[in-house]
Amino acid sequence: MTAAADLRRIDLCAAADVPPGTMKLCELEDELVLVTNVGGAYHATQGICSHEYFELDRGVLTGDSILCTLHLSRFSLADGEVIDPPAELPLVVYPVVVDGGRVLIEVPAGPLEVNR
Ligand code: FES
């Protein structure tokens, strides 16, 4: 179990930059994080598809899932699970905190976890 002291918060973007029904790809260290807003609920997932290299903001938001338009895999935004293949690995989901009008993720110290 990770102690709270080992967690860090990373600022991704302004909450206002991601209105309901939209998404934004945020650059972070060496990774990309996709922030989505589903009816006012923010989600953050890895920004690159787990199947091959494709930036997911070039995909389509379909309610509470994201469709990767390169090979049509679909993923749940809530838990990252694969809804439609060919992808086999889920997207990594990062816990979101909205604070002071900013969207942040709270993740363990060290490299950001990503499924490839
Ligand atoms: S790269 Fe996303 S489904 Fe293939």
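Modeller: Helices (H or I, at least four residues) and strands (E, at least two) are runs assigned by DSSP, and they are numbered from the N terminus. Residues are numbered from 1 along each chain as its sequence is written. The model is predicted, and local features therefore need pLDDT of at least 70, side-chain atom pairs count only at pLDDT 80 or more, and totals for chains, interfaces and linings use all residues.

The protein has 11 strands and zero helices. Its C-alpha trace spans about 40 × 30 × 25 Å along the principal axes. The radius of gyration, taken over C-alpha atoms, is compared with a globule rule of 2.2 Å times the number of residues to the power 0.38. For 116 residues, a compact globule would have a value near 13 Å, and the protein agrees with 13 Å. A residue is buried if 20 or more other C-beta atoms lie within 10 Å of its own, exposed if 12 or fewer, and partly exposed in between, with C-beta atoms placed from the backbone. By this count, 28% of the 116 residues are buried.

A nonpolar core is a set of buried Ala, Val, Leu, Ile, Met, Phe, Trp, Tyr and Cys residues joined through C-beta atoms within 7 Å. The largest one has 23 residues, and L12, V33, V35, A44 and I105 have the most contacts inside it. Two or more residues each are given to this core by strand 2 (23-28), strand 3 (31-38), strand 4 (41-46) and strand 11 (102-108). Strand 11 provides the largest share, four residues.

Two residues are in contact if their C-beta atoms, placed from the backbone, lie within 7 Å. Leaving out residues up to four places away in sequence, I105 touches I10, L12, V33, A44, Y94, P95 and V96. Across the protein, 42% of the contacts between residues at least 6 apart in sequence join residues at least 24 apart.

The strands themselves are arranged by pairing, and two strands pair if DSSP finds at least two bridges between them. An open sheet is formed by four strands in the order 2-3-4-9, with antiparallel pairing. Strand 2 and strand 9 (93-94) are its edges, each pairing on one side only. Strand 4 and strand 9 run antiparallel and are joined by two bridges. Here A44 has Y94 of strand 9 as its bridge partner.

Strand 11 pairs with strand 10 (residues 96-99) in the antiparallel sense over four bridges. In this pairing, D99 stands opposite R102. The two strands form a hairpin with two residues between them, and G100 in the turn has a positive phi of about 60°.

One loop also leads towards strand 9. P86 lies in the loop between strand 8 (82-84) and strand 9. The peptide bond joining P85 and P86 is cis, with omega about 20°.
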